Amino acid sequence: MLREGRTVFKEFRDFAMRGNVVDLAVGIIIGAAFTGIVNSLVKDILMPPIGFIMGGIDFSNFFLTLSGPDVETLKAAQDAGAVTINYGVFLNAVINFLIVAFAIFILVKQINRFKKAEEAAPPPTPSESEKLLAEIRDLLKSGR
């Protein structure tokens, strides 16, 4: 039983230490940190000017009240226990996604630009048996 446990542990260790798994873990950690930056960019940098251009509108306060008191802000509705559809918060999330997607697109584009084009390997030369078969095929086609 102990030997089987060591085998399973060794298999798990080999799996966890493969390059792809480690790269994925690093990507997830960096992605989580990047999410905070993007959220701040959208909330603190992009949305205020967009709201200002649209007449001082705060997208995070766009909501529909399904039941409960009719209030002015989303926070007041939530504090009152109202059931709301928060489409402004959803709009902010969509903008966050678009910014992240664009940033990743630019990153991948730059990485691909820096990669050297791999030289195409020359086609392999046919073996002796392939050459002989080609000669036989050609003779059969010519009718000799």
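This is a predicted model: local features need pLDDT of at least 70, side-chain atom pairs count only at pLDDT 80 or more; totals for chains, interfaces and linings use all residues.

Trainee: How far apart are the end C-alpha atoms of helix 5?
Mentor: They are 21 Å apart, which agrees with the 21 Å that its 15 residues (128-142) should span at 1.5 Å a residue. That expected span is 1.5 Å times one less than the number of residues. Helices here are DSSP runs of H or I with at least four residues, strands are E runs of at least two, and both are numbered from the N terminus.

Trainee: OK, zooming out: in what order do the elements run?
Mentor: From the N terminus they go α-α-β-α-β-α-α. The protein is more spread out than a compact globule, because its radius of gyration is 31 Å, well over the 15 Å from the globule rule for 144 residues. The radius is taken over C-alpha atoms, and the rule is 2.2 Å times the number of residues to the power 0.38.

Trainee: How much of the protein is buried?
Mentor: Buried residues are 10% of the 144, where buried means under 20% relative accessible area (1.4 Å probe, protein chains only).

Trainee: Which residues make up the largest nonpolar core?
Mentor: Five of them: Val38, Val42, Met47, Phe59 and Ile99. Helix 2 (residues 19-53) gives the most, with three residues. Such a core is a set of buried Ala, Val, Leu, Ile, Met, Phe, Trp, Tyr and Cys residues joined through side-chain atoms within 4.5 Å.

Trainee: What does Ile99 touch, sequence neighbours within four places aside?
Mentor: Ile99 is in contact (heavy atoms within 4.5 Å) with Val38, Leu41, Val42 and Leu46.

Trainee: Switching to Thr84, is that residue buried or exposed?
Mentor: Thr84 counts as buried because its relative accessibility is 19%. Thr84 lies in strand 2 (residues 83-85), and its contacts beyond four places in sequence include Phe63, Leu66 and Ala77.

Terms used:
Residues are numbered from 1 along each chain as its sequence is written. Side-chain values use heavy atoms; hydrogens and water are left out. Buried means under 20% relative accessible area, exposed over 50%, partly exposed in between (1.4 Å probe, protein chains only).
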